[in-house]
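Here is a friendly walk through one part of a protein model. Have a look at the structure first, and then read on.

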Amino acid sequence: MFLKNLVLTAALAVASFAADATGVWKAEYETPNGTRTSEFHLKAEGEKLTGKLVTPMGETALKEGTVKGDNVNFSVVRNFQGNEITITYAGAVAGDEMKLKMTFGGGDRTMDIVAKRQK
């Protein structure tokens, strides 16, 4: 019984240290084509992360989203000038700030962005 309670307490302690990625996050960042904005509508359930990316160009569902502790990872597939491009996002949540690295074109281009949780 003691061991069972110890394992349960440890599991709850680990869960309580995980960052809360659920919410609406807004990022504004500079690109070679000017300032861009993105909103991430995220919902974390255990280690599963779902949601959508919303930009002035439309909405796209997240794919392969995960949350592990403070770390988040997900991807989206966007259509640019008739070509499908996968963009991956990897980063960490700290309070109301999420720092992400966007990776385009199989890894040959990256960009760091910061998203703020919207209240």
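## Hairpins and a pocket

E39 stands opposite V54 in strand 3. Strand 3 (residues 48-55) pairs with strand 2 in the antiparallel sense over 7 bridges; strands here are DSSP runs (E, at least two residues) numbered from the N terminus, and two of them pair if DSSP finds at least two bridges between them. This is a predicted model, in which local features need pLDDT of at least 70 and side-chain atom pairs count only at pLDDT 80 or more, while totals for chains, interfaces and linings use all residues. Residues are numbered from 1 along each chain as its sequence is written, and side-chain values use heavy atoms, with hydrogens and water left out.

Strand 2 also pairs with strand 1 in the antiparallel sense, and there E28 stands opposite T37 in strand 2.

| Hairpin | Bridges | Residues between the strands |
|---|---|---|
| Strand 1 (residues 23-31) and strand 2 (residues 34-45) | 9 bridges | 2 residues |
| Strand 2 and strand 3 (residues 48-55) | 7 bridges | 2 residues |

In the turn between strand 2 and strand 3, G46 has a positive phi of about 65°.

Lining residues, which have an atom within 4 Å of a point, number 21, and T31, N33, R36, F80 and F104 lie nearest the pocket's centre. Strand 1, strand 2 and strand 3 are among the elements that give two or more residues to this lining.

Notes: Helices (H or I, at least four residues) and strands (E, at least two) are DSSP runs, numbered from the N terminus. On a 1 Å grid over the protein atoms alone, a cavity is a set of points where a 1.4 Å probe fits but cannot get out, and a pocket is an open set with protein on both sides within 12 Å along at least five of seven lines; lining residues have an atom within 4 Å of a point.
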